[in-house]
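Visitor: I would like to go through this model with you, one question at a time. Where shall we begin?

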Amino acid sequence: MKKGWKQMDSYDVKDLSLAKDGEVRIDWASREMPVIRLIRERFAKEKPLKEIRVSGCLHITTETANLALALKDGGAEVTLCASNPLSTQDEAAAALVGFGIPVYAIRGENNKTYYQHINAALDHQPQVTLDDGADLVATIHKERQDLIPDIMGGTEETTTGVIRLRSLQNEGGLRYPIISVNDADTKHLFDNRYGTGQSTIDGITRATNILWAGKNVVIIGYGWCGRGVAMRARGLGAHVIVTEVDPIRALEAVMDGYQVMTSREAAKSGDIFITVTGGLNGLDSDHFLLMKDGAIMANSGHFNVEINIPALESMSTGKRRLRPFVDEYAMFDGRRLYLLGEGRLINLAAAEGHPASVMDMSFANQALCVEYLAKNGKGLEPRVYPVPKDIDREIGRLKLFSMGITIDTLTDKQREYLESWEIGT
Ligand SMILES: NC(=O)c1ccc[n+]([C@@H]2O[C@H](COP(=O)([O-])OP(=O)(O)OC[C@H]3O[C@@H](n4cnc5c(N)ncnc54)[C@H](O)[C@@H]3O)[C@@H](O)[C@H]2O)c1
């Protein structure tokens, strides 16, 4: 255990009496997770993860619970901590403890407890790590290097985590192999786009109860998440404006039919601003100066650094909480600006995160990559790897199968044509 931290009990959750409620909700999520269910059934028979210690730093939700139970049925000794202080569903955490999985996560925990929980999950001496944002891997590399010799490999769930890991790799500092689950097609094309698209709108709606129709909605960052949010905001009747720094992504947004302009220009007309860049200060003091009275800001990127909250604090003369996830900032010139969910990913803070149906694919990637690492991890160089293509395609196939959809297969002649260079006009 890291010096100076208090020794945790074998779990730390808000209230174990929430477990019954959590079990029912986990069961409800499992209805929409047929791929994880199939994997869980196979794992239960084959036990491919027998006695492998897995520590996961993930959003503690009912969907994550279904992943954890699949890994446990596969024979793994699973431990979980939160990957965000505001995203834990306390009832899911309690239920998991009831299922014999140590969980260290309490919704609303402060920064100190957040890192105590990460260290408690690491005290279980993982052989495989699961991360969502790379806080677990970063803590191991900064403070717990003694654990590295036992680690076969890890997985990373999200764009921001993969960016951090690639920069660690580029500095020559990455000490064990990590599979970038985010790069799987069955992950980012669905989770980032349709999952974040729907759940971000859901989070903002639950937090504010605003009407979207007719609003000017500014999406900062037109990546996989941004395009999902833009698509769903437009579907609700909003006028969508996109700001970007990448010319190709900006061009895509133009041709998808959105207005594209600089963020300073957009700042003047936006009613609702949503950051999804994975970067720093997408909304900053120059934007706050230009925004209309009543403008609402929310973030759905991984960390709470996409809106410059310290600058907002320093430019305001007062702040009050109007609803659980709505803070009003009184600006020096009398305007009022609204920040949702303290700038943390709003879909998990104010709603329930992604629907189970998309997490089914993301977590199927996680489960099969853990199995892959258990078999092959020790033979891999310490690098960031893509999800093996056959795993990605198999998950796509299983998802379609579970939806009762059958697709065509190439005939031998068609395959031969595609594989040959000789046949032209
Ligand atoms: N809320 C969720 O549940 C959820 C789910 C998946 C991913 N994420 C997170 O969302 C963020 C975005 O993920 P993604 O997969 O869409 O990434 P991405 O790389 O596909 O897209 C990010 C886009 O933002 C643009 N960008 C960067 N800085 C900008 C700036 N200052 N102004 C305007 N545009 C800027 C980039 O050019 C890029 O096109 C990441 O932090 C990721 O980890 C959140």
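Visitor: Which helix gives the largest share of the shell around the ligand?

Guide: This is a predicted model, so side-chain atom pairs count only at pLDDT 80 or more. The elements that give two or more residues to the shell around the ligand are helix 7 (159-170), helix 8 and helix 9. With three residues, the largest share comes from helix 8.

Visitor: How many residues surround the ligand, and which are the closest?

Guide: The shell divides by class into six nonpolar, 15 polar and four charged residues. In total, 25 residues surround the ligand. The closest are Thr-158, Thr-159, Thr-160, Glu-244 and Ser-300.

Visitor: How far is a polar side-chain atom of Glu-244 from an oxygen atom of the ligand?

Guide: Polar side-chain atoms of several residues lie within the 3.5 Å cut-off for a polar contact. For Asn-347, the distance from such an atom to a ligand oxygen is 2.8 Å, and for Thr-158 it is 2.6 Å. For Glu-244, the distance to an oxygen atom of the ligand is 2.5 Å.

Visitor: What percentage of the ligand's accessible area does the protein cover?

Guide: On its own, the ligand has 860 Å² of accessible area.

Visitor: Ser-300 is listed among the residues closest to the ligand. Which side chain does the side chain of Ser-300 make a polar contact with?

Guide: Ser-300 sits in the loop between strand 11 and helix 13 (309-315). Its relative accessible area is 7%, so Ser-300 is buried. Ser-300 touches Thr-196, Thr-200, Thr-275, Val-276, Leu-345, Ile-346 and Asn-347, leaving out residues up to four places away in sequence. Its side-chain polar contact, at 2.8 Å, is with Thr-200.

Visitor: Is Asn-299 buried or exposed?

Guide: Asn-299 is found in strand 11 (residues 296-299). Apart from neighbours within four places in sequence, its contacts are Thr-275, Asn-304, Glu-306, Ile-307, Gly-343, Arg-344, Leu-345 and Ile-346. Because its relative accessible area is 0%, Asn-299 counts as buried.

Visitor: Which backbone oxygen lies 3.0 Å from a polar atom of the side chain of Asn-299?

Guide: Two backbone oxygens can be named here. The backbone oxygen of Phe-303 lies 3.1 Å from a polar atom of this side chain. The one at 3.0 Å belongs to Gly-343.

Visitor: Why does the end-to-end distance of helix 9 agree with its number of residues?

Guide: Helix 9 (residues 224-235) has twelve residues, and at 1.5 Å a residue these should span 16 Å. The expected span uses one less than the number of residues. The agreement holds because the end C-alpha atoms of helix 9 are apart by 17 Å.

Visitor: Which elements are included in what covers the buried residues of helix 9?

Guide: The buried residues of helix 9 are Cys-225, Gly-226, Arg-227, Gly-228, Val-229, Ala-230 and Ala-233. Helix 9 is followed by Gly-237, whose phi is positive, near 95°. The cover over the buried residues includes helix 8 (185-208), strand 7 (216-220), strand 8 (239-243), helix 10 (247-255) and strand 10 (272-275).

Visitor: What is the relative accessibility of Leu-165?

Guide: Leu-165 is found in helix 7. Beyond four places in sequence, Leu-165 touches Ala-134, Val-137, Glu-156, Leu-174, Ile-178 and Val-384. Leu-165 counts as buried, since the cut-off is under 20% and its relative accessibility is 2%.

Visitor: What is the relative accessible area of Val-162?

Guide: Val-162 also has its place in helix 7. Not counting residues up to four places away in sequence, Val-162 touches Glu-156, Ser-180, Asn-182 and Asp-183. Val-162 is buried, with a relative accessible area of 4%.

Visitor: How many of the nine residues of helix 4 are buried?

Guide: Helix 4 (residues 90-98) is mostly covered, and its buried residues pack against helix 1 (19-31), helix 3 (62-73), strand 2 (77-82) and strand 3 (103-104). These buried residues are Asp-90, Glu-91, Ala-92, Ala-93, Ala-94, Ala-95, Leu-96 and Val-97.

Terms used: Residues are numbered from 1 along each chain as its sequence is written. This is a predicted model: local features need pLDDT of at least 70, side-chain atom pairs count only at pLDDT 80 or more; totals for chains, interfaces and linings use all residues. Side-chain values use heavy atoms; hydrogens and water are left out. Helices (H or I, at least four residues) and strands (E, at least two) are DSSP runs, numbered from the N terminus. Buried means under 20% relative accessible area, exposed over 50%, partly exposed in between (1.4 Å probe, protein chains only). Contact means heavy atoms within 4.5 Å. A residue is near a molecule or strand if one of its heavy atoms lies within 4 Å of it. A polar contact is a pair of N or O atoms within 3.5 Å; within protein, one must be able to donate a hydrogen and the other to accept it, and residues adjacent in sequence count only if both atoms are side-chain atoms. Accessible areas come from the Shrake-Rupley method with a 1.4 Å probe; for residues, only the protein chains shown count as cover. Ala, Val, Leu, Ile, Met, Phe, Trp, Tyr, Cys and Pro count as nonpolar, Asp, Glu, Lys and Arg as charged, and the others, Gly among them, as polar.
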